[in-house]
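Dear colleague,

I am passing on the structure below, and after it come my notes on what was found. Please read them with the model open beside you.

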Amino acid sequence: MIEIKDIHKSFDDNYVLKGISGVFQDGMNNLIIGGSGSGKTTLLKCMVGLHTPDQGSVIYDGRDFTKMNTEERIEIRKEIGMLFQNSALFDSMTVEQNIMFPLDMFTTQSRAEKLERVNFCLERVNLAGKNKLFPAELSGGMKKRVGIARAISMQPKYLFVDEPNSGLDPRTAILIDELINEITDEYNITTVVVTHDMNSVMGIGEHILFLYEGLKEWEGSNKEIAHTDNQQLNDFVFASKFTQAAKDKL
Amino acid sequence: MFTHFGRYILLLKAVFKRPEKWKIYWTNIFNEMVYIGVDSLYLIGIISVFVGAVMTLQIAFQLQSDLIPRTIIGSVNRDSTILELSPTISALVLAGKIGSSIASEIGTMRVTEQIDALEIMGINAPGYLILPKIVAGITMIPLLVTISIGLAIMGGYIGGTFSGAISGADYYRGITEGFVPYTIAVALVKAFFFGFIITSVSSYQGFYVKGSALDVGRASTKTVVTSCIAILAADYVITGLML
């Protein structure tokens, strides 16, 4: 479980997060949604320590991440997997080397054991046999899947996903969502997904945090979202005529 | 400027933290040695031979007097090459070749979130990315400068004898007479610091890139300018201290 308490973050005069709190449960897809500039990626980066919050705390199963020194943070980070918006695969490494990298750095496993784990992760994301390809040879969807394989290679307790569907066609986007959902269930991971993709929201949004202008505007599930009377959330989720018509039929 | 210097020092502090796994660092160090050293050999070789040849012709032109023995041409060429030309010209050329490449490589990793990915994994990104480059720089650039010195002196011989500016025997006597081995030490100390400047300054510029591909290009250009100025300033300081 991850708990965030009263997170504030500003960049010079730009006050991005204005006191956000919430709880992200184990084995659940927790979605952070909101329009562009609402602070969702900043919140995610504060949670993983890429940004330091001006105020507030991030607590991983009772361990306050914001109060830890660098060495203590490294231990928590070994329990974290993250899929970046642009996958962030290492260009100079093959798919196999990318996935094996955290194992090389932090385990004492033999090469055969590491290779077995790599192949398992690749199979899990339906990319078996793609070991020797370089990131430049992969499609956008394949890169995302390799990113997921790398993120789960160390069997993380917490999985963070930043805009998993950006730049993907709708079919691939759904596949990625399903994969994240399956992995979360299978390994009982605390998954936090930042997205503004409505298919993700309706498909895997077991717990949703809606941010608006740096504040938590609404909290609930995908089942509740269709019936909310929150004006800002309705304007965001049902922005198009198509989604508005779908809502009216519910 | 003070902000940059402070951040540069803090980055270096992070670079020299204990590596997570030496085995991986060693592999990276050897890869960087090949890139910085072996891959630059051809360029440094060509430049050194021509600089040596041109220097011989210029010295011969300037020292046209019956009162000055022709062997002086070899001596002047040797000392200029060892003390100044080989270390400084090699460093300036390598600042362009290696410095811009390092800044682009690390800068691209920054804007494509690869550095964030390293940090999320719990890896000391400055150490993992920059330490191997600095170690390769401070070992391979002195080696390149040593080779450059040999090739420049050889270039002087070829250029001088081919143009008829000096005979082979006079040149040989010139470069062997009155040789002070300490000058080699000065050249190597310079090369060591130049290697450090090139790799650390370019890594700093790349590591703190913000924005897009355009900013990576700008950082690359800034690296060359900053490194060249730092090299020339360090050259003056080291020369002043050691000679």
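Of the 243 residues in chain B, 46% are buried, a residue being called buried if 20 or more other C-beta atoms lie within 10 Å of its own, exposed if 12 or fewer, and partly exposed in between, with C-beta atoms placed from the backbone. Please keep in mind that this is a predicted model, in which local features need pLDDT of at least 70 and side-chain atom pairs count only at pLDDT 80 or more, while totals for chains, interfaces and linings use all residues. Residues are numbered from 1 along each chain as its sequence is written, and chains are lettered from A and ligands numbered from 1 in the order in which they are written.

Chain B has 9 helices and 0 strands, where helices (H or I, at least four residues) and strands (E, at least two) are DSSP runs numbered from the N terminus. Its C-alpha atoms fill a box of roughly 70 × 35 × 30 Å along the principal axes. Among the contacts in chain B between residues at least 6 apart in sequence, 88% join residues at least 24 apart; here two residues are in contact if their C-beta atoms, placed from the backbone, lie within 7 Å.

Between the chains, 13 residues of chain B are in contact with 14 residues of chain A. On the side of chain B that touches chain A, helix H5 (residues 114-120) of chain B gives the most, with 5 residues. That side divides into 5 nonpolar, 3 polar and 5 charged residues, with Ala, Val, Leu, Ile, Met, Phe, Trp, Tyr, Cys and Pro counted as nonpolar, Asp, Glu, Lys and Arg as charged, and the others, Gly among them, as polar.

For chain A, the domain assignment gives domain 1 (2-79 + 158-249) and domain 2 (89-155), the bounds coming from an automatic or database domain assignment. The C-alpha centres of these two domains of chain A lie 25 Å apart, and 10 residues of domain 1 are in contact with 11 residues of domain 2. H6(A) gives the most to the domain 1 side of this contact, with 5 residues, and by class that side has 7 nonpolar, 2 polar and 1 charged residues.

The axes of helix H5 (residues 140-152) of chain A and helix H6 (residues 170-187) of chain A come within 10 Å and cross at roughly 10°, the axes being lines fitted to C-alpha atoms over the stretch in contact, with angles running from 0 to 180 degrees between N-to-C directions. H5(A) is therefore roughly parallel to H6(A), a term for angles under 35 degrees. In this packing, A:Gly141, A:Lys144, A:Arg145, A:Ile148 and A:Ile152 in H5(A) meet A:Thr172, A:Ile176, A:Leu179 and A:Ile183 in H6(A).

The largest nonpolar core has 126 residues, of which A:Ile32, A:Leu43, A:Met47, A:Ala149 and A:Phe160 touch the most other members; such a core is a set of buried Ala, Val, Leu, Ile, Met, Phe, Trp, Tyr and Cys residues joined through C-beta atoms within 7 Å. Helix H6 (residues 125-163) of chain B supplies the largest share of this core, 18 residues, and the core draws at least three residues from each of domain 1 and domain 2 of chain A. Leaving aside residues up to four places away in sequence, A:Leu43 touches A:Ile7, A:Leu17, A:Ile20, A:Ile32 and A:Leu211.

With best regards

Notes:
Parallel < 35°, antiparallel > 145°, perpendicular 65-115°, else oblique.
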